Amino acid sequence: MLIIPAIDLQGGEAVRLVQGDYGKKTVYNSDPVDVALNFEKIGAKYLHVVDLDGAKSGDTTNLETIRKIRTAINIPMQLGGGIRNAEIVKMYLDMGINRVILGTVAVNNPDFVKEMVATHGAKKIVVGVDVRNETVATAGWLADSSVNYLDFIKTLESYGVEYLVVTDISRDGTLTSPNWDMYEKIQGINVVVSGGVAKEEHILQAKKHYGVIVGKAFYEGKVDLQKCLMQT
C-alpha cells in the first residue's frame, strides 16, 4: 500500500478545504515546494497534488508552482485539478508528472478517458471519483452529476482504467473516518482511499487497498506520518 501525502494548491499556497468548500480554507504553508521536500525527506514514496483553482476554473492557474514542485523532488507525483483536454494532459506528462488525474472531464466525456488511456497508457491516467450522496461531483465538487459512482467505475474499467482516487466528499477534511462501506463496494481495480483519514489506525485499515491519501491529519498533527511511512 502507498501512503500518499497531499498538497492542495490555491493561489500558490498549500491549503486544505473542508468538504470541498472554498469558503472553509486553511492555509498551512505559503511555500508548497518546501512542503513537498519535507514529505520526500520523511520517506514518502509518492506525492499527491491538487490544483484547487484549476479544478474550479479549468485553467492551469498553479502551473508554475506545480513545475517548481516537480523540479524540486525526485519521488513520483500525481496531479489533479483542471486537467480537461489532451494538450494539458500531454503538457503535464512531458513536465515529468507521473500520473494525471482526470475528474470533471471523465464524467462529462468518458470517451476522452478511453482516448487518454489508449494514448498514454493506464499507468499514467488516473480518474478521480468524487462522491456525494452516491453520485459523482464535478467542477471542483461545486456541481453534481446524476451519475452513480459504481456505474461510473464500471464504465471506467471497461475503458481500461486501472487506478482510481475515490473520495467521499462529506468526509474530506473532516478528520472523522474514511467511508469504509463505500470502498467495500468497489472491487477489481486499484483504489486510493481519500477523505476522512484522522488517525494512524485509519492508515493501517486502508492496507487492503492500493493506497491512501493523507492530508489534513498530517497538517493538524493527528498522525506521525514518518512513522507510518517507515512501517510500510
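The following dialogue concerns how to read several features of a predicted model.

Colleague: Which conventions apply to this model?

Modeller: The model is predicted, so local features need pLDDT of at least 70 and side-chain atom pairs count only at pLDDT 80 or more, whereas totals for chains, interfaces and linings use all residues. Residues are numbered from 1 along each chain as its sequence is written, and side-chain values use heavy atoms, with hydrogens and water left out.

Colleague: How many residues does the largest nonpolar core have?

Modeller: In soluble globular proteins, nonpolar side chains tend to be buried together. A nonpolar core is a set of buried Ala, Val, Leu, Ile, Met, Phe, Trp, Tyr and Cys residues joined through side-chain atoms within 4.5 Å. Buried means under 20% relative accessible area, exposed over 50%, and partly exposed in between, with a 1.4 Å probe and protein chains only. Here the largest core has 66 residues, and those with the most contacts inside it are Ile-7, Tyr-92, Leu-102 and Val-129. Its largest share, five residues, comes from helix α4 (residues 86–95); helices (H or I, at least four residues) and strands (E, at least two) are DSSP runs, numbered from the N terminus. A second, separate core of ten residues includes Leu-2, Tyr-46, Val-192 and Ile-213.

Colleague: Which residues of helix α7 are buried, and where do they lie around the axis?

Modeller: An α-helix has 3.6 residues a turn, so residues three or four places apart point the same way. In α7 (residues 149–158), the buried residues are Tyr-149, Phe-152, Ile-153 and Leu-156. They cover an arc of only 100° around the axis, taken from the directions from the helix axis to the C-beta atoms, which places them on the same side of α7. Lys-154 and Ser-158, on the other side, are exposed. Val-129 is in contact (heavy atoms within 4.5 Å) with residues including Tyr-149, Phe-152, Ile-153 and Leu-156.

Colleague: How many aromatic pairs does the structure hold?

Modeller: Rings of Phe, Tyr and Trp (its six-membered ring) pair if their centres lie within 6.5 Å; planes under 30 degrees apart count as stacked, over 60 as edge-to-face and the rest as tilted. The structure holds six such pairs. The ring centres of Tyr-163 and Tyr-210 are 5.1 Å apart and their planes at 65°, so this pair is edge-to-face. Tyr-163 lies in strand β10 (residues 163–168) and Tyr-210 in the loop between α9 and β12, so the pair ties together parts 47 residues apart in sequence. Tyr-163 counts as buried at 9% relative accessibility, and Tyr-210 as partly exposed at 22%.
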